[in-house]
Structure formats: structure tokens, C-alpha cells
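Reader: Can you walk me through this one? I'd like to start with confidence and then get to contacts and strands.

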Amino acid sequence: MSFMVNKIFPENCKAQMKIQQMVFMIIAITILFVLVGLFFLSISFSNLKKTATNLAEESSKLLVSKLANSPEFSCGNAFGTISQSNCIDFDKIIGLKEEIESYSDFWGVAKIEIRKIYPNGSRLCNEANYPDCEILKILDKDVKTLSYSSNFVSLCRKESDGKIIYNKCELALLMVASGDKT
């Protein structure tokens, strides 16, 4: 009887060793596939952040083009019989600046700014120094932003020399920045 037990026991050990080897190989292959999967997921997520940033910048560029012609900004027919494109009514914008809280989420951007090209200065516009100022910050949320997208526009207002009222237009830069969501 002991002869049979000794004869069977070594075969059981070999079978158990084969099973253990197979289990360890399956675990090792599973860990390898998990690590490769995590590597590809991390690359995909980093590309996703870049894509989101690129989409936000592209959206800002498109908004700059549309913003100058929106009813809140455009000159309309106030400065002639033909509606002008890329013409911003400075008088209208000063009024809008006072009510900007109503529009803070309307455009989906963090900052909207208009800078006169000439004269090049740094005076911020408000009702007290209007129209003798160079920078008009329409919307300025206190958040981290992406770089500005900009477009040249005509910044027009009604002016009077005492006898007649005339249209005065200046070259300006309309700048828009989206919030950084990363």
C-alpha cells in the first residue's frame, strides 16, 4: 500500500506544479494587459485635454467674428444707411458694460475686451473718462483663461463739434478669451 501512495504522490506534485505555473502565467498576462490598457488610457486622456483646449480656442475665434456683428455690439444702421460689418457702437458698449452681469454667461467666455489701436495707451474706459480712453474691459471674470483671440473692428460713436453731429470711427481690436477648464 505504501508503494502505491509513493507512486501516486509524485504525479500529484507534478500536476499541482503545472496548475500553479498556469495560474501564475495567466495572472502575469492579465497584469501585462492591464498595464498596457492603462498606458493607452493615459495617452487618450492627455489628448482629450488638448482637444478640449483647442476646441475652446476655436470657439473663441469664431465668437470674435460673430460678436462684432451681434445686436449687442454692432452699429446697425446708426452710422449710415447701409449696415456695416465689424463695426462696434462705442456708445452702446458703454451702456452694455453697466449691465454686463445679465450677459456674463451668455457668450460662454471669460473675458471680452476692446483696445483702441491709436492712441496706444492704458487708460481703462468708464463713464467718467468716456470717450478719452483706450481699453474697454466689457467682461472680466476672475478665472484662469486661455490666450486671447482677436479681430480688427471699427469702433464708432456719435460726436459733436458744437454745430453738427458726425460719426467718428476708430480702429480697434476686439479680444475674447475663453476660460481654461483644465
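**Confidence, rings and strands**

Author: This is a predicted model. The average pLDDT of the protein is 83, and 90% of the residues score at least 70.

Reader: Let's take S2, then. Which strand does S2 pair with, and in what sense?

Author: S2 pairs with strand S5 (residues 165-177) in the antiparallel sense, over six bridges. Opposite Ile 114 stands Leu 174 in S5.

Reader: And Lys 111, where does that lie?

Author: Lys 111 lies in strand S2. The side chain of Lys 111 makes a polar contact with the side chain of Asp 140, at 3.3 Å.

Reader: What else is Lys 111 in contact with, leaving aside neighbours within four places in sequence?

Author: Besides Asp 140, the list has Leu 139, Lys 141, Thr 145, Tyr 148, Met 175, Val 176 and Ala 177.

Reader: How many bridges are there between S4 and S5?

Author: Twelve, with strand S4 (residues 149-160) and S5 pairing in the antiparallel sense. Phe 152 has Leu 173 in S5 as its bridge partner.

Reader: What about the hairpin of S4 and S5, how many residues are between the strands?

Author: Four residues, and in this hairpin Gly 162 takes a positive phi near 105°.

Reader: Switching to aromatics. How many aromatic pairs does a search of the whole structure find?

Author: Four. One of them is Phe 39 with Phe 40: the ring centres are 5.7 Å apart and the planes are at 65°, so the pair is edge-to-face.

Reader: And Phe 73 with Trp 107, what is the geometry there?

Author: The ring centres of Phe 73 and Trp 107 are 5.6 Å apart with the planes at 80°, so this pair is edge-to-face.

Reader: Where do Phe 73 and Trp 107 lie?

Author: Phe 73 lies in the loop between H1 and strand S1 (87-89), and Trp 107 in the loop between helix H2 (90-98) and S2, so the pair ties together parts that are 34 residues apart in sequence.

Reader: Is Phe 73 buried or exposed? And Trp 107, buried or exposed?

Author: Phe 73 has 0% relative accessibility and counts as buried. Trp 107 is buried too, because its relative accessible area of 12% falls under the 20% cut-off.

Reader: Which residues do ring pairs link into a cluster?

Author: Phe 73, Phe 106 and Trp 107.

Key:
Residues are numbered from 1 along each chain as its sequence is written. Side-chain values use heavy atoms; hydrogens and water are left out. pLDDT is the predictor's confidence in each residue, from 0 to 100. Helices (H or I, at least four residues) and strands (E, at least two) are DSSP runs, numbered from the N terminus. A polar contact is a pair of N or O atoms within 3.5 Å; within protein, one must be able to donate a hydrogen and the other to accept it, and residues adjacent in sequence count only if both atoms are side-chain atoms. Contact means heavy atoms within 4.5 Å. Rings of Phe, Tyr and Trp (its six-membered ring) pair if their centres lie within 6.5 Å; planes under 30 degrees apart count as stacked, over 60 as edge-to-face and the rest as tilted. Buried means under 20% relative accessible area, exposed over 50%, partly exposed in between (1.4 Å probe, protein chains only). Two strands pair if DSSP finds at least two bridges between them.
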